[in-house]
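Here is a short report on selected local features.

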Amino acid sequence: MKAFIRISTICCLLISSSLVFARANYIGYSGAPGCMGRCASSCHENSGGTIQIDGFPSEYIPGETYTIAVSHSGGSSIKQFNGSCRVGRGSEDAGVISAGTNTSTYSRSEETNGVRFSSNNRNSGTFDWTAPVGGTGEVRLYVAGLQGGYGGQNSTLSLISDESMTDIRDESSTAPSRFALKGNYPNPFNATTIIEFALPEPSHITIEIYDILGRAVETLYEGERQAGYHQVIWNANSVSSGVYYYRIWAGAFSETKRMVLLR
């Protein structure tokens, strides 16, 4: 009997040493590469969880924002979950996750843009994911969650999204049929963001940046551009975090869009 107890104890210690646990208060355990493991598994593991993800696209448009829903299709409420999005099969963050209904984000060295419920024992919640810049390629959303108590049901999910080839730069090999200003990407962004626009004819254009009070921050571009699809990059290192607006003038055409700088 004593030998059996020692063996069981060693088994649990070995599993614990791999940083794989089921704790409602843990963060950084989404199952993504480079994280702390999966919050949904332990030496008391009980698979068969019913946590599900809705709203994560099979193809993403660079810079677009998607609302992702976390819920369950049966069994106990979700004790807690951890989630993060990575480039390909690697550990680099893909896009930006922002908190939504019943959720909050967290940052630690192993998972710098993670998301979880803002409190334990929820049936559902949402968060926003802003897709990364063009050229990123395949990304994966990792979610691991626990239902019920310490030995409750576990779900470990990995969803794949490919970069869409439908983009303002690829709509046609000829000049666009109308003036257009596209949403910047990424948005929210840190340091730099890309602004794309379309010109159906050669035009003198001006692109200016304004703060939330309507004060001019920077003239990003002023000059002549040929008909076609174009992009400019704003480097925002000289300004503080906050909401900004960018506006384009091209002949009689003018349009304004909103962006968010997060440090």
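## Aromatic pairs

The model is predicted. Across the whole structure, a search finds 8 aromatic pairs. One of them is stacked: Phe179 with Phe253, at 5.4 Å centre to centre and 10° between the planes. This pair links distant parts of the chain, 74 residues apart. Phe179 sits in the loop between strand S10 (153–163) and strand S11 (180–181). Phe253 belongs to strand S17 (residues 253–261). Phe253 counts as buried because its relative accessibility is 17%, under the 20% limit.

Rings also group together. Phe56, Tyr60, Tyr66 and Trp129 form one aromatic cluster. Elsewhere, a charged side chain meets a ring. Arg225 lies over the face of Tyr221, at 4.5 Å from the ring centre.

## Cis peptide bonds

Most peptide bonds are trans. The bond from Tyr185 to Pro186 is cis, with omega near -5°. The bond from Asn187 to Pro188 is cis as well, with omega near 5°. Where do the prolines lie? Pro186 is in the loop between S11 and strand S12 (192–199). Pro188 is also found in the loop between S11 and S12.

## Positive phi

Most residues other than glycine have a negative phi. Asn102 has a positive phi, near 65°, and is not a glycine. Its place is the loop between strand S5 (96–99) and strand S6 (103–108). Asn102 has a relative accessibility of 24%, so it counts as partly exposed.

Asn121 is another non-glycine residue with a positive phi, about 60°. Asn121 lies in the loop between S7 and S8. Its relative accessibility is 42%, so Asn121 counts as partly exposed.

Asn120 is in the loop between strand S7 (111–117) and strand S8 (124–130). Is Asn120 buried, partly exposed or exposed? Its relative accessible area is 35%, so Asn120 is partly exposed: the value falls between the 20% and 50% limits.

Which residues does Asn120 touch, leaving aside neighbours within four places in sequence? Asn120 is in contact with Ala24, Ile78, Lys79 and Gln80. With Gln80 there is a polar contact of 3.0 Å, side chain to side chain.

Terms used
Residues are numbered from 1 along each chain as its sequence is written. This is a predicted model: local features need pLDDT of at least 70, side-chain atom pairs count only at pLDDT 80 or more; totals for chains, interfaces and linings use all residues. Side-chain values use heavy atoms; hydrogens and water are left out. Helices (H or I, at least four residues) and strands (E, at least two) are DSSP runs, numbered from the N terminus. Buried means under 20% relative accessible area, exposed over 50%, partly exposed in between (1.4 Å probe, protein chains only). Contact means heavy atoms within 4.5 Å. A polar contact is a pair of N or O atoms within 3.5 Å; within protein, one must be able to donate a hydrogen and the other to accept it, and residues adjacent in sequence count only if both atoms are side-chain atoms. Rings of Phe, Tyr and Trp (its six-membered ring) pair if their centres lie within 6.5 Å; planes under 30 degrees apart count as stacked, over 60 as edge-to-face and the rest as tilted. A charge sits over a ring if NZ of Lys or CZ of Arg is within 6 Å of the ring centre and within 35 degrees of the ring normal.
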